[in-house]
Amino acid sequence: MSQAKFDKAVSIVQNLPKDGPVQPSQDDKLFFYSYYKQATVGDVNTSRPGLLDFVGKAKWDAWDKVKGTSKEEAFAKYVDRLVEILKSNDSAESKKYVEEIESA
């Protein structure tokens, strides 16, 4: 998986309209977060957030679960999950995004 495809996928995920046809679930968002961090930072390198930081703990735990994943594998998993979500949506916007990723 190329850096260009990953970068394009990240751009799409970060710019999905809040009221658009493609709405990733909370689990999908945690998946994207964990593999983005793994691809860009590597293994989790911070301590787990405190007891009352529920969002922070969920993100940290998701990232920690993918510890040991290579940068290239993280790229691939991120892009593959996004393409899977887009293809299951079957809207014109989704098809446009898939074409953008595949041509990157």
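**Figure 1. Asp-90 counts as exposed, at 53% relative accessibility.** The model shown here and in the following views is predicted. Exposure is assigned to Asp-90 because its relative accessibility of 53% passes the cut-off of over 50%. Asp-90 lies in the loop that runs between helix 4 and helix 5. Its backbone has a positive phi of about 60 degrees, although Asp-90 is not a glycine. Most residues other than glycine have a negative phi.

**Figure 2. Helix 4 and helix 5 pack in a left-handed crossing.** Helix 4 spans residues 71–89 and helix 5 spans residues 92–103; their axes come within 8 Å and cross at roughly 150 degrees. Helix 4 is therefore roughly antiparallel to helix 5, since angles over 145 degrees are classed in this way. From helix 4, the contact is made by Val-79, Leu-82, Val-83, Leu-86, Lys-87 and Asn-89, and from helix 5 by Ser-94, Tyr-97, Val-98, Ile-101 and Glu-102. The residues of this contact divide into seven nonpolar, two polar and two charged.

**Figure 3. Helix 1 and helix 2 are oblique to each other.** Two packed helices are described by the angle between their axes and the distance between the axes. For helix 1 (residues 3–14) and helix 2, the angle is about 140 degrees and the axes are 12 Å apart. The crossing of this pair is left-handed. Helix 1 contributes Phe-6, Val-10 and Val-13 to the contact, while helix 2 contributes Phe-32, Tyr-36, Ala-39 and Thr-40. By class, the contact of helix 1 with helix 2 has six nonpolar residues, one polar residue and no charged residues.

Figure 4. Tyr-33 and Val-10 are 23 residues apart along the chain, and their C-alpha atoms are separated by 9.9 Å.

**Figure 5. The annotated region covers residues 2–91.** An unreviewed UniProt entry gives these residues the annotation "domain: ACB". Over residues 2–91 the chain is 64% helix and 0% strand. The end C-alpha atoms of this stretch are 25 Å apart.

Methods: Residues numbered from 1 in each chain as written. Predicted model: local features only at pLDDT ≥ 70, side-chain atom pairs only at ≥ 80, totals over all residues. Heavy atoms only, no water. UniProt positions renumbered as here; feature names shortened; annotations may be inferred. Helix = DSSP H or I, 4+ residues; strand = E, 2+ residues; numbered from the N terminus. Axes fitted to C-alpha atoms, helices over the stretch in contact; angles between N-to-C directions. Parallel < 35°, antiparallel > 145°, perpendicular 65-115°, else oblique. Left-handed = near helix turned anticlockwise from the far one by under 90°. Contact = heavy atoms within 4.5 Å. Nonpolar A, V, L, I, M, F, W, Y, C, P; charged D, E, K, R; others polar. Buried < 20%, exposed > 50% of the residue type's maximum accessible area, 1.4 Å probe, protein only.
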